[in-house]
Amino acid sequence: MIKVWKAKQYKPHDKALKEWWRQIELWRARDCLRYDRNSKLIKPQYAIERLYEQTKNRDTYITTEVGQHQMWAAQLYKFEKPNRWMTSGGLGTMGYGLPAAMGVQLAHPDSLVVDISGESSVQMNIQEMATICQYRLPVKVLILNNSYMGMVRQWQELLYEKRYAESYMGGHPDFVKLADAYGAKGLRCDAVADVDAAIREMIETDGPVILDMRVDPEENCFPMIPSGAAHNDMLLGPSDDGQKPISEEGMVLV
């Protein structure tokens, strides 16, 4: 097939290609990955950026659970080598990250393995901390704790007129005490000024660590595609809400 394709000597449609690049530049101009860098609350994007800065020169593997934190990790952690990013992708498997981190750590005992997690996803398989501690695996769990099932809350805010239902998660455990109960080290960070020190302590601790990073509960992740819409019909920021209302068919898909 490749030989036949090359033999036909197809050439790009210059007009269509230029129009496509024009559209891409319009999307880029929206800078939808930006966030408030002067916030008094810890922004989840900032936490991931600081994690990257402190691990970029190490032999590091990153796993994730599923949700907003997964998107931010994909956008902001700069992977320079293949096979360093373990995530369930579009399968949306909540609870994937912790057992994946355990497996990666067994395969690479001398490497740094960090599970970037949400406080809801990590509890899907939190019992794996028992195995991690039993085998003395130095897995690090960075929980971006916003007290919500964040992606669900974001959908409800932007597309369902803030009709919140079962997305607030106020009954979570004390993750520091939970880490201690399993035999790991538990840390908590709730101030922007302490982010670097908390991440550094997590990394340098000899053994498994759970770092409960208390982040802005109302931060949203962009771009996002409304349910039932095409990939080129994205929401690039809060101002797009209402301009691209979700269809009845799309609502049924959520």
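The side chain of K43 makes a polar contact with the side chain of E219 at 2.6 Å; such a contact is a pair of N or O atoms within 3.5 Å, and within protein one must be able to donate a hydrogen and the other to accept it, while residues adjacent in sequence count only if both atoms are side-chain atoms. The model is predicted, so local features need pLDDT of at least 70 and side-chain atom pairs count only at pLDDT 80 or more, whereas totals for chains, interfaces and linings use all residues. Residues are numbered from 1 along each chain as its sequence is written, and side-chain values use heavy atoms, with hydrogens and water left out.

K43 sits in the loop between α2 (14-29) and α3 (44-55); helices (H or I, at least four residues) and strands (E, at least two) are DSSP runs, numbered from the N terminus. With 9% relative accessibility, K43 is buried (buried is under 20% relative accessible area, exposed over 50%, partly exposed in between, with a 1.4 Å probe and protein chains only).

Turning to salt bridges, the count is twelve, each being a side-chain nitrogen of Lys or Arg within 4 Å of a carboxyl oxygen of Asp or Glu. One of them joins E25 to R28, with the closest N and O atoms 3.1 Å apart. About one helical turn separates these two, because E25 and R28 are three residues apart in helix α2. E25 is partly exposed at 41%, and R28 is exposed at 55%.

R188 and D174 also form a salt bridge (2.6 Å, N to O). R188 belongs to strand β5 (residues 185-189) and D174 to the loop between α7 (150-159) and α8 (175-182), so the pair ties together parts 14 residues apart in sequence. Through shared partners, salt bridges join D174, R188, D212 and R214 into one network.
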